[in-house]
Amino acid sequence: MLEKWIDEKLLPFLFTHPKHPMRFNELMRANKLLVDDMPLEGQIPGMKLRLFRAYLFMFMVFNAVLIPLAMILHELLAKIDCHVAIVLAVFFTLFFFGVLSIFKQWATEKMAEKLIKEAWKIHFPYYDYENYHTKVAKFYDDAVERGVTGANLEMYIMNALSLEQ
């Protein structure tokens with residue numbers, strides 16, 4: 001249920017959705033980066049993180065956690081020295097921006113994977129993404145090493161997939 005909410009509500013809220021589907025070469029490059037656990041930020045045309053919305057979402061999540069925690073610990077926090085309160089404020093600010101950075105990277109990877117799966121259905125309708133994406137990344141890597149480009153790249157990968165079965 002949480003996965004469905006993330007895919008259907010959160011990711012479309014945080015990202016602009018590309019107007020056009022990915023081209024074959026873009027799909028191959030993005031799939032290879034995803035398989036190799038490389039950063040995907042800026043690699044998929046049209047996919048852009050809406051920073052204000054990411055800040056807003058994380059601000060709401062942090063407040064949903066910290067306000068009840070502060071209410072519970074109010075008596076203790078009221079008695080501590082102001083210097084400790086300043087150090088705690090600096091710590092929580094650093095923690096917020098650290099978590100925000102990790103969240104942005106995670107959300108970018110989730111959105112990229114979602115867009116790759118959508119493009120996969122267009123370019124590889126007869127091959128399941130879960131079973132073939134690592135094999136296709138390997139074929140793409142081999143094709144790049146051999147200097148295959150353009151329309152020949154698609155033919156090379158399709159031939160390699162058909163020979164694989």
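**Pockets and aromatic rings**

Trainee: Which element gives the most to the lining of the second largest pocket?
Mentor: That's α5, with four residues. Helices here are DSSP runs of H or I, at least four residues, numbered from the N terminus. This is a predicted model, where local features need pLDDT of at least 70 and side-chain atom pairs count only at pLDDT 80 or more, while totals for chains, interfaces and linings use all residues. Residues are numbered from 1 along each chain as its sequence is written, and side-chain values use heavy atoms, with hydrogens and water left out.

Trainee: What counts as a pocket?
Mentor: On a 1 Å grid over the protein atoms alone, it's an open set of points where a 1.4 Å probe fits, with protein on both sides within 12 Å along at least five of seven lines; lining residues have an atom within 4 Å of a point.

Trainee: Which residues lie nearest the centre of the second largest pocket?
Mentor: Pro 18, His 20, Pro 21, Met 22 and Leu 115, out of 13 lining residues. The space in there is about 170 Å³, taken as what is filled by probe spheres set on the grid points, which are joined across faces, edges and corners.

Trainee: And by class?
Mentor: Eight nonpolar, two polar and three charged residues. Ala, Val, Leu, Ile, Met, Phe, Trp, Tyr, Cys and Pro count as nonpolar, Asp, Glu, Lys and Arg as charged, and the others, Gly among them, as polar.

Trainee: OK, what volume does the largest pocket have?
Mentor: About 330 Å³. Leu 66, Ala 70, Leu 77, Leu 88 and Phe 92 sit closest to its centre, among 13 lining residues. Two or more residues come from each of α3 (51–72) and α5 (82–123), and α3 has the largest share with six. The lining has 12 nonpolar residues, one polar and no charged.

Trainee: Switching topic, how many aromatic pairs are there?
Mentor: A search of the whole structure finds 13. Rings of Phe, Tyr and Trp (its six-membered ring) pair if their centres lie within 6.5 Å; planes under 30 degrees apart are stacked, over 60 edge-to-face, the rest tilted.

Trainee: Why is Tyr 55 with Phe 97 edge-to-face?
Mentor: Because their planes are at 65°, with the ring centres 6.3 Å apart. Tyr 55 is in helix α3 and Phe 97 in helix α5, 42 residues apart, so to speak a link between distant parts of the chain.
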